[in-house]
Each structure stands twice: as structure tokens, then as C-alpha cells.
Amino acid sequence: MKKILSYTWKAVRYNLGDLLLFETGYRILTFFLAMQMIDHAIDFSLKQQAFSYLTAENYGEFIKSPWTILLFTGILALLLLFFLTEAAALLWGFRHSASKRKLYASDFLIEGIKGVFYFLRQGKLAWIFWAVLALPFLAAYFLIQEASYVGLLEFTGRKIYETVQPHGLLYALIIVLLLVSLCSVFALPYCFFEKEKSARGIRRGLELFRQHWREILTGFLILYAGIAVISAVFYLLAAIGVTGAVMQFKPEEGKITSILIYKEYIQMAMGVLAGGIQMTGSMAFVYTVYSRFRREKAEEVSLCSQTRNYTWLSQIGKRKGAAFLTLLFIGIEGCYLGVMAASHDTVLESLNANAQITAHRGGALRAPENTLSALSYTWECGADFAEIDVQETKDGQLILLHDESLKRITGLDKNVWEMTYEEIEDLDAGSSFGEKYQGEKIPTLEEVLNFCFGRLDLNIEIKYNGKNEGIVQKVVQVIRDNNFQEHCAVTSMNYQFLEQIKASAPEIRTGYIMTMSYGSISQVAAADFFSIRYDYVTENFVKEAHSLGKEVHAWTVNYRGNVKRMLDIGVDNIITDDPALVRKVQNQESGTRTDFSELLKYALGI
């Protein structure tokens with residue numbers, strides 16, 4: 001094993017400088033191209049479907065649209081082409097390193113393009129399939145890390161996670177996919193180096209893995225452990241550097257917000273860096289295993305020899321020219337990234353002192369959610385609003401309940417529409433929170449309005465479950481019967497519910513709950529404000545909403561740094577499990593100055 005890892009390092013080391021230049025430039029270029037293509041594809045598909053915005057409600061229709069499928073299939077094909085080009089460039093680069101041939105950064109790119117062209121021209125569909133199947137294993141970290149920056153992909157991932165039950169089945173499928181992908185990795189050298197493109201060639205790659213699977217698995221474990229350590233060190237150094245710069249150059253009131261902005265870009269850069277290291281180390285290891293254990297000597301396809309005839313580089317000196325162009329390219333991209341970070345560093349001169357505070361689920365931090373005990377805590381801690389969830393029972397009664405099922409709160413595995421209020425009234429909604437609240441009841445909406453009148457305003461979320469089409473008018477009637485119109489807002493993820501409220505009770509404020517947001521919100525006329533998940537709230541979103549005369553409510557914000565960030569970009573209401581924390585940050589009672597260690601914790605996300 002030591003010999004294999006030693007040869008792997010030699011394959012990397014011989015052309016290390018130009019390899020790093022190529023990999024850095026190529027990764028940054030393809031990453032930003034991918035991000036831009038995805039954003040433009042979403043915008044274009046929204047326009048073709050006549051959607052002004054994208055959120056959870058129209059997500060299903062959007063994702064099934066032929067336009068969306070066509071555009072994202074094209075993007076996926078292009079990304080796979082990027083992957084194959086990178087794999088070919090690295091494999092050919094390591095082959096020439098083993099032969100002591102010097103390469104320039106531009107040579108790697110040209111080798112990759114030629115290698116893919118040769119492969120696609122000579123290969124069959126099965127070969128392309130096996131080559132592409134290697135992607136999940138070779139780019140696992142990059143795919144996970146960078147997908148989190150695309151809201152649509154992140155939301156899709158959560159939807160898949162929620163849909164596949166039990167979750168153990170999903171984990172098992174992922175493990176099987178990674179194992180199959182690992183086996184497929186060893187077909188890549190045969191794809192790019194061997195002339196014979198047949199099932200026999202694929203079998204040779206799989207046989208190579210089967211015969212040496214112990215050494216291969218051990219080698220990858222050691223290799224990835226080293227990559228993890230290197231990535232962690234780079235991340236720590238970057239976080240320390242950014243923290244020092246913020247401490248030195250940013251005003252006190254903007255330090256936390258700035259560090260949270262820069263943390264996102266550090267994580268983005270680390271995704272690119274760690275993904276590049278993973279790909280480079282993996283392909284070097286694969287080439288080493290292939291070259292040392294393959295039974296037959298592959299006939300070399302002469303591609304690199306042509307790189308000696310680049311007249312456009314030889315006139316200025318190939319090494320200097322390639323290095324200069326690559327460094328220039330990386331410098332331009334680095335400046336672009338810096339401008340992006342600076343453009344998002346919008347810090348107000350002071351905290352938004354007028355932002356209101358809403359206790360999530362009635363005040364679920366200190367008492368059972370959606371109960372009178374929780375609302376009592378919310379009132380005592382000084383929150384402006386309490387957010388509650390309303391469902392309808394089998395006999396048409398309105399009660400406070402977040403889930404469709406009663407199991408999580410009461411232990412009874414039945415849906416709310418299957419139970420009458422008389423049956424639900426006998427259930428214990430407090431024991432799951434703590435013995436102190438044993439016997440706590442699920443209250444009706446009318447009981448809650450009577451309890452909160454003169455004490456606490458309410459954000460009443462109407463849950464949509466497909467069984468409660470008439471719930472809106474019932475909620476409106478209860479609000480009017482208790483003269484609560486001026487002390488509440490009604491919100492929902494179902495936009496039609498808001499339209500019904502505006503048609504029958506225009507005096508009641510409405511809020512549209514959005515789990516994500518793409519496109520323009522200018523046509524969302526039935527909403528007086530937007531209640532949006534905090535990690536989708538941006539300066540531009542707040543500005544657009546305010547220009548339309550609408551508010552922005554951010555949910556669910558429980559981390560001090562994120563509270564500070566939301567206040568700094570001007571949200572109008574913060575929905576949180578911890579109202580006391582938000583008030584503390586808003587009143588700047590958390591301390592006099594933010595020290596280096598505290599900022600570093602924000603930068604590291606701890």
C-alpha cells in the first residue's frame with residue numbers, strides 16, 4: 001500500500017505546479033458557468049410557464065414542465081462533459097508525468113479536450129454510461145457542498161429526503177450508488193487509454209477492482225482522510241484570515257454580518273478547492289492502480305506529442321505563456337468573486353430597531369408548541385406576535401396543530417381530519433415536552449383568541465392538507481366573532497387561501513409563506529407581507545418587497561449571527577423559537593465589543 005500511495009504522489013508531484021494552475025482555473029470556470037446556467041435556466045423556465053415566482057406551492061408543476069426537464073437535461077449533459085474533460089486531462093497528465101514529460105497548464109486542458117473527443121468518437125453508449133457512472137464517487141463532496149448554494153437543488157434534496165421512507169432506505173440506496181460508482185471509476189483508464197471499446201474492456205476495469213479491492217479501499221480511505229485534513233487546515237486558515245480582516249477594517253456594528261457573508265464565500269471556495277483535491281487525488285490513485293496492476297499493456301494514443309507544436313505559445317515561451325494566461329484567468333475570476341462578496345456586504349448603520357418579533361409555534365422553546373402554556377410564555381417574554389398553526393377536525397372544529405398527524409404531539413397515530421374535537425380534547429399534548437406539562441390540551445382557535453386578546457397579537461397560519469377546502473371562511477368568521485381583525489395576520493403556503501381572505505375580509509392582513517424564492521414577487525397581490533425562510537432572505541429580496549410596500553418576515557431564526565444578519569438587511573419581523581435572544585440582539589445587550597474568538601466561531605459555523 002505504501003508503494004501505491006508513493007507512486008500516486010509521484011504522479012501528482014512531477015507536474016504539480018501546472019497541475020494546480022489547470023485544476024484551479026478549470027474548477028472555478030466550470031463552477032461559475034454551472035451556477036449561471038442554472039440561474040438562467042430557472043428564470044427562462046419560469047417565464048415560459050408564466051410564473052412570476054417559484055416557491056413550494058408551484059414547485060411540483062415547475063419541476064415537471066417540459067421546459068424545466070429539457071433545460072436541466074442540457075445542463076446535466078454539459079456538466080458531464082466538463083467532468084469527462086477533467087478526468088481525461090488528469091489521466092493523460094499522470095500518464096505523461098510517469099514518462100517524465102513536462103506539461104503546461106494549457107496542455108492539461110488540451111489533453112482533456114482531445115481525450116474526450118477521441119473517447120466519444122470511438123466509444124459506445126455502454127462506455128459513456130460507465131464513465132458517467134464514476135461521477136458520484138469522484139465528485140461526492142463537491143456535489144453535496146455546491147448543491148447547497150442552489151436553492152432549487154437544495155429544496156429538491158429535502159423533498160426527496162421527506163418522500164423516501166424510511167430514511168434508512170435512502171441511505172442504503174446512496175451507499176449502493178457510491179459502491180457501484182467506485183467500481184466504475186476503474187473503467188475510466190480503459191475508456192481513455194485503450195483503443196478497444198467493448199464489453200471486454202469494461203470487464204477488465206471491473207476485474208481490476210475485484211482483484212485488488214482491499215488495497216483500493218484502504219488506499220482511498222487513507223487518501224480521503226488526508227484530503228479531509230488538508231481541506232480542514234485550509235478552511236481554518238481562510239477563516240482566521242477573514243476574521244482578522246473583519247476585525248481590522250469593519251466597524252463594530254457590521255462585524256458579525258460581514259463575517260457571515262464572507263463565511264458563505266469561504267464555504268463556496270472550499271467546495272471548489274476540496275472538490276478539486278478529491279478529483280485530482282482520486283484520479284492519480286486510479287491511474288497508479290491501473291498502471292501497476294493491469295494485465296495487458298495498453299497501446300498509447302499519441303496526443304501529448306502534438307503539444308510540442310503549439311506555435312502560438314512557442315513564440316513567447318510555452319511555460320511563461322501558459323503560466324501567465326492561467327494566472328490572469330484565475331486573477332480575473334478571483335476579482336469577480338471579490339466583487340460579488342463586496343456587493344453583498346450591505347450593512348445598515350444600525351440595527352433595525354422597528355423589527356418585530358414573533359414566537360414560532362406559539363412559543364415552543366419553553367412550553368409545548370401551539371398550547372396556552374406556550375402562548376403564556378410568549379406574552380411574558382415580550383414578543384410582539386405568536387405564530388400558531390390551525391387545522392380542522394373531522395367535525396369542522398378549528399384547533400391548533402402543526403402536523404397533519406397527532407402522533408408527534410400526542411402519541412396517537414391518526415390524522416387530524418380523522419378525529420372529532422371531542423376525541424382530540426381528551427389527548428395529552430404536553431407530556432411529550434415534559435412531565436411538568438402533563439395533561440396539557442390542544443386548544444381551539446377561539447380559546448386562543450380569547451386568551452390573547454389585549455395581550456398578544458397572532459400570526460395565524462392556515463395549514464393546507466387537501467381535506468380542508470372550507471377552512472378559510474371558518475377562520476375568518478372566528479376572527480370576526482372575537483373582534484380580532486386588528487390584532488392578527490393570516491398566513492399560508494396556499495396562495496388561494498390568501499386570495500379568498502382578501503375577497504371576503506380585506507381588512508385582515510395576509511402573509512404568503514415561502515420556503516424558497518426565485519423570480520419576481522411583484523404579482524403576488526393577495527399578500528401584505530412575505531414570510532420566507534431566513535436563508536433565502538437577501539438584500540435584494542427585502543428591497544423589492546419594500547418597494548412594493550410589503551413587509552418581509554424571516555423564519556425560523558434561532559442563531560445570534562443570523563438574527564444580526566436579518567436585522568441588518570432590514571427585515572420587518574423575525575420568527576424565532578427564542579424571542580428573548582432576538583430582543584437581546586436588537587437592544588445590543590449581548591456585550592460591548594465582538595472579540596476575535598467570537599467572530600472566528602461565526603466564520604467556522606460553530
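This is a predicted model: local features need pLDDT of at least 70, side-chain atom pairs count only at pLDDT 80 or more; totals for chains, interfaces and linings use all residues.

User: Which residues of helix α20 are buried?

Analyst: Helix α20 covers residues 445–452. Leu-445, Val-448, Leu-449 and Cys-452 are buried there.

User: Why are the buried residues of α20 said to line one face of the helix?

Analyst: Look down the axis of α20. The buried residues fall within an arc of 100°, so they line one face. They pack against α17 (372–381), β3 (385–392), β4 (398–400), β5 (457–462) and α21 (471–481).

User: What follows α20?

Analyst: Gly-454 follows α20, with a positive phi near 80°.

User: Which residues of α23 are buried, and what makes them line one face?

Analyst: In α23 (residues 539–547), the buried residues are Glu-539, Phe-541, Val-542 and Ala-545. Seen down the axis of α23, they fall within an arc of 165°, so they line one face of the helix. The face turned away from that buried side carries exposed residues: Asn-540, Lys-543 and Ser-547. Just after α23 comes Gly-549, with a positive phi of about 75°.

User: How are two packed helices described?

Analyst: By the angle between their axes and the distance between the axes.

User: Why is α14 called roughly parallel to α26?

Analyst: The axes of α14 (residues 255–293) and α26 (residues 596–604) cross at roughly 30°. Angles under 35 degrees count as roughly parallel, so α14 is roughly parallel to α26. The axes come within 8 Å. The crossing of α14 past α26 is right-handed.

User: Which residues of α14 and α26 meet?

Analyst: From α14 come Lys-255, Ile-256, Ile-259, Leu-260 and Lys-263. From α26 come Leu-599, Tyr-602 and Ala-603. The residues of this contact divide into six nonpolar, no polar and two charged.

User: What makes α3 roughly perpendicular to α9?

Analyst: Helix α3 (residues 56–64) and helix α9 (residues 151–163) pack at an angle of about 95°. The range for roughly perpendicular is 65 to 115 degrees, so α3 is roughly perpendicular to α9. Their axes are 12 Å apart. On the α3 side, the contact is made by Ala-56, Tyr-59, Phe-62 and Ile-63. On the α9 side, the residues are Leu-152, Phe-155, Thr-156 and Lys-159. The contact of α3 with α9 has six nonpolar residues, one polar and one charged.

User: Why does Ala-580 count as partly exposed?

Analyst: Ala-580 has 40% relative accessibility. Buried means under 20% and exposed means over 50%, with partly exposed in between. Therefore Ala-580 counts as partly exposed. The residue lies in helix α25 (residues 579–586). Ala-580 and Ile-357 are 223 residues apart in sequence, yet 9.3 Å apart in space, C-alpha to C-alpha.

User: How do you know that Glu-486 is exposed?

Analyst: Its relative accessible area is 75%. The cut-off for exposed is over 50%, so Glu-486 is exposed. Glu-486 is in the loop between α21 and β6 (488–492). Its C-alpha atom is separated by 8.4 Å from that of Arg-509, 23 residues apart along the chain.

User: Which peptide bond is cis?

Analyst: The bond from Gln-165 to Pro-166 is cis, with omega near -5°. Pro-166 is in the loop between α9 and α10 (167–185).

User: What phi does Lys-100 have, and is Lys-100 buried or exposed?

Analyst: Lys-100 has a positive phi of about 60° although it is not a glycine. Its loop runs between α4 (66–98) and α5 (105–122). At a relative accessible area of 59%, Lys-100 is exposed, because exposed means over 50%.

Conventions. Residues are numbered from 1 along each chain as its sequence is written. Side-chain values use heavy atoms; hydrogens and water are left out. Buried means under 20% relative accessible area, exposed over 50%, partly exposed in between (1.4 Å probe, protein chains only). Helices (H or I, at least four residues) and strands (E, at least two) are DSSP runs, numbered from the N terminus. The arc is that of the directions from the helix axis to the C-beta atoms. Contact means heavy atoms within 4.5 Å. Axes are lines fitted to C-alpha atoms, for helices over the stretch in contact, and angles run from 0 to 180 degrees between N-to-C directions. Angles under 35 degrees count as roughly parallel, over 145 as roughly antiparallel, 65 to 115 as roughly perpendicular and the rest as oblique. A crossing is left-handed if the near helix is turned anticlockwise from the far one by less than a right angle, and right-handed if clockwise. Ala, Val, Leu, Ile, Met, Phe, Trp, Tyr, Cys and Pro count as nonpolar, Asp, Glu, Lys and Arg as charged, and the others, Gly among them, as polar.
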